[in-house]
Amino acid sequence: MAAVDGMKAIDPVLLAVLKGRLEQIADEMDATLFRSAFNPIIAEAHDASHGLYHADTGETLIQGKSGLPVFVGAMSFAVKAVIDKAKAENLTLKPGDVFIFNDPYDGGTHLSDFKLVRPFFRRGQIYCYLASVGHWHDVGGNVPGNYNPVATECYQEGMLIPPVRLYQEGVIQDDIVAILKSNSRLPGSLYGDLNGQISALELGASRLDALLNDYGDDEILAVMAELKASAAALMQSYISDLPEGSYSAEDWLDNDGITDKALKIALEMSLKQGRMTLDFSGTSPACDGPVNISRATCIAACYVALKHIFRDVPANAGVLEPIDFIIPEDSLLSVGRPKPVGGYTETILRIIDVMFVVMSKIAPDQTNGCAYGTINALSLAGHRKNGARWVMFSFFGGGHGGHPNGDGLNHGNAPISTATIPPLEILEAAYPVRFTQWALRPDSGGPGKFRGGCGAIYEIEMLEEETDAFLFGERGKVAPAGVVGGKNGALNIFTYPNGGGEAHPPMVSKMVGIHLTEGQRIRLETPGGGGYGDVNERDPASVAEDVRLGYVSPTAARNDYFCVVDTHGILDSAATQSLRKHS
Amino acid sequence: MSERQIVIGADVGGTFTDLFFLNEVTGECATAKVPSVRANQSQGILSGIALGPAALADVSLLVHGTTVATNALLERKGARTGLITTAGFRDVIEMRRRDRPDTWGLWGMFDPVIPRDLRFEVNERVLADGTLHTPIDPGDVKAAAQKLLENGAASVCIFFINSYANQENERAAAAAVRSVWPNPHVTMASDILPEIREFERSSTASLNAYLQPPIGDYLELLETGLMEGGLDGNILIVQSNGGVMSVETARSYPVRTAYSGPAAGVIAGAHIGISAGYPNLITCDMGGTSFDVSLIANGESALAAQTSVDFGLVIRTPMIEITTIGAGGGSIAWVDRGGILQIGPESAGSDPGPVCYGLGNDRPTVTDANLVLGRINGEKPIGGALERLNMKAAKRALKNHVAAPLGMDVMTAAEAVIRVANSRMAGAIRLVSVERGHNPEAFVAMPFGGGGALHTGALIKEVGLSKALVPRYPGVTSALGCVIADMRFDRVHTINVLLDQLNLEDFTKEILVTISDGEARLRESHAIFEDQEHIIELDMLYVGQTHTVSVRLPVQAVDVETTLRSELILDTFEATYQDAYGRLLVGLPVRIMNLKIAVIGKRPKFDLSVLGPSSTASVDAAKTGEREIWVDGAWCTATVYQRLELPKNAIVPGPAILEQPDTTIFIDPDLEGNVDRFGNLVISRKTQ
């Protein structure tokens, strides 16, 4: 493989060495927050991120490897928001200043994500910015944990803090801390996370100082510029390898939680002369409910998809350099205040899905079937016999798509995150619930030459007299797509008891205030991944093996794969041959 | 009995079997290195012993570090294993904690060690508070066991939800299984790990069951082979926690041997470092495919709670904390499409190995770069398996894959490969030192394994470590560790109780029973101990947190009944928390998650000075000549020494190459080496 022609101004050895050193600084900032954070969404699920950003443009220079992937793209907008504010208000930033905010229209994502941005000074000048983002446990609003599926304004989702100075010249502004704490149901958790983020920024600053003292300010700046140039050149070379032309794909959100009407995400990808245009014209207009996103979030989601497809391109702003965006201002992908954005995770998962599908039409060997495509945020809440309030909040998993190397992963995490989920034993020890099932879901993986991974079935029994349930999910109506001839995965199904029978939410995958009593059970059946390639190309022996292991039923083997397999997984080769011939 | 004076440490690695012989009466030592026999590791041990100074009949104790378990897991060569579990939960080991192998890219795959059709469910349930919700029906369990046997299972794991809180159902099920199971390969999850978190517990227990038959067979072969060879003494096996256990215990808990060999190396490192006056050190083991580092502070190794052998293969049992990166001698150097020089993670391993081995690989490795730079002697490769190394082929590979794409000459390219490899290794050292709040200046690097000593000088400069200490026999460090390792039993039990609701009487009783169990096992081993030690620790946290801090209680078994009070536990927790995070969270209730007890039998150590240089050694005799080497962009002349011929207090100024049968040491031009009285080489910056 020939190297891409890039700038050769910098010693390539120094470049390789310093790339590692710089990434280690961001990684160490991640690790500091994970260890000291109070809330499990950061401590266990790693819903946070850290990096170094350009002094003038806010562009991502260096990003940690362990943080939440979607933040990698969003953080540069957060830093830019601080730079713009300073410019607009003619503020002089001083060493020791730290800004804090969660305004999603400027900095991307949703209100739960608090961003801390710290100008880093050398020789009296801003050398770069260090930033930290973390998902706080509760930031006010109508629903504990802030996943409010019926919000119609951001004010129902939580407090909204614009970029303000948490520190001025090294002095913490206790007034601001007091405002933040008084707006949360869990002020202790908030205070712990805030301190963790401050520590991470301090650590990053001291590590960066040491590195600059060792290697020189200008050398490191040149290295960071070269890393960006190298990522851009690499990205451009991959784009140039693809056939020029325009390709399109569309996918759907179930609804906005307010009106049961599907919302379209449309993408046209055009490739020309080493550049890629991502045009979202044709996407549904902004909606009343919380599945809108800001422009920054939309770009961040595209970045995540590109990094999944071109995984060896270094994580910095260079990735986006050969990319042009067309995001209609009236669409649900570019909203401003006060449109609700709390369910942004669902919308950006759909953006990643259309990116995979469109790529499958251009370069079938570089893509995969869509993953399960919903985070399924479930809250269970109530009061214990002694009157104490409890809230159990968790996300759930599903299948990954089939891919050119094999079947999709069973029960993986969402492409936008690297988060794990808590053990059911921890949940049972902490909350009055009992899981009655925690299992793979047969026949949920999309059929194909390479099958989509299986989703899961989670069934939970309530142990207290009264419990309220809240669900924020998607993929109840349009299933995760298969690619390159592969079939779709199974839909998301949520079931709760109602009047002696079973019911599903009127909004399919979103619901507030489901009232449950002791002994009643709810069940979540999550989607599998989409399949990859034509089912007729799947080896009948693999289908039989899937039946033997219970990933696929004999009925599905016959209907979806045209294979005749008995309940023990024994293949009838002759019958299969004849069935496949006529299929 | 007086004739049985020899203790043997035997470390079996992928390529070599290393032995260390110690005469406990005379203090005499010897070493041997022979090729490993993969099909039957005991054969390698026997042929190594045949080269040694003693007959097997003279051996009182043989301590063994093994990689059989690790290899069986990595190559998926364990037994056909079944699982009997709670209805509704047979997929826990396959669903993991809902993760994926790589942050970027969604092409991950996972193959659980127990296939889904060998995972049977039975009706039973324990609640989180230990309440028996649904008792087991032994008939159901027997039927499941029979079905597993019919399906060819050779081993079985019993794992029930919440069994950490109440073992009753698991015990009853294990009894039912044993009544029909034809062999001893029955693993009960709460016996392996009575700790909360169902995936981690079931994964560890399943891997244990998967390993029982192959490890059992292996130990059988080993014992038979050694006994037929005349061994009448005892055999002990090194565990991942750095302690040893009896063969019987290893048969029941094979999962504890996963990092047996590397742990022995770290134990040896600690002993060598302490003896030489360096209780703060970082061991660096560079092999063919990986670089392993481990930090020892004040003579003590850090223990990690769990590790993943491979994606999804989680083992949760206390083990010496070893951080691994994919940068070894066989790691391949390449230039990516963005024009950045990369080392690894792909490796040529030992077969085909580096280009210079001439066994078919044509992509340059770290070893090839060291050869081209003159740091390795191409005419006398270590290990003895190859006649000579192919310099021309190594240069060609570097030219094609590194020099040409980067637009540089071959020598510059070779040096670039070493610098980037060094920076990756330095990153691993920083990770365990600087990132854990340790000041690197207080630490020395200790390279062992075949290749580490070529890179140490650069590492101390890059990370800011004070010195490097190269043990006298770096290639047999793990075998030496086997000889001195203590015997150790660890038990972790989740009790999950608020401190102010702790039943002190029951709690004290559990501590005493656990300790006396451990002591009984020490006695059963028939090994010699100088002393015994207990470590009583609690994993504690504020209510609402998920990460715990490990709190070591200042009590001993003899006085635990009189001294252990809730106030003492709280004070110790607060002191530990303050130390870790710099502040306390006043007013929040405190929870005890786990009780962790270690019972340690201290084995006799020996005086390492017996390994030291002979009194007749001299620097002049050690000098064997000169070699041209490439350093910092130019050729220079390095003096070459026979390392083992150097006398104590010898000073070796860089640039120098020190050769010995199991490794090559490179001293940079700005560094110098000093030989201490143990024969260790201490490398530091030149004094002038």
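This is a predicted model: local features need pLDDT of at least 70, side-chain atom pairs count only at pLDDT 80 or more; totals for chains, interfaces and linings use all residues.
1. Helices (H or I, at least four residues) and strands (E, at least two) are DSSP runs, numbered from the N terminus.

2. Residues are numbered from 1 along each chain as its sequence is written, and chains are lettered from A and ligands numbered from 1 in the order in which they are written.

3. B:Arg76 has a phi near 50°, which is positive although the residue is not glycine. A residue is buried if 20 or more other C-beta atoms lie within 10 Å of its own, exposed if 12 or fewer, and partly exposed in between, with C-beta atoms placed from the backbone. B:Arg76 counts as exposed because 11 other C-beta atoms lie within 10 Å.

4. B:Arg98 also belongs to a loop, here between α3 (92–95) and β6 (119–122) of chain B. Its phi is near 60°, again a positive value in a residue other than glycine. Is B:Arg98 buried or exposed? B:Arg98 is buried, because it has 22 C-beta neighbours inside 10 Å.

5. In chain A, the peptide bond from A:Arg337 to A:Pro338 is cis, and its omega is near 0°. A:Pro338 sits in the loop between β11 (323–326) and α9 (344–362).

6. In chain B, B:Gly344 and B:Pro345 are joined by a cis peptide bond with omega about 0°. B:Pro345 is part of strand β20 (residues 341–347).
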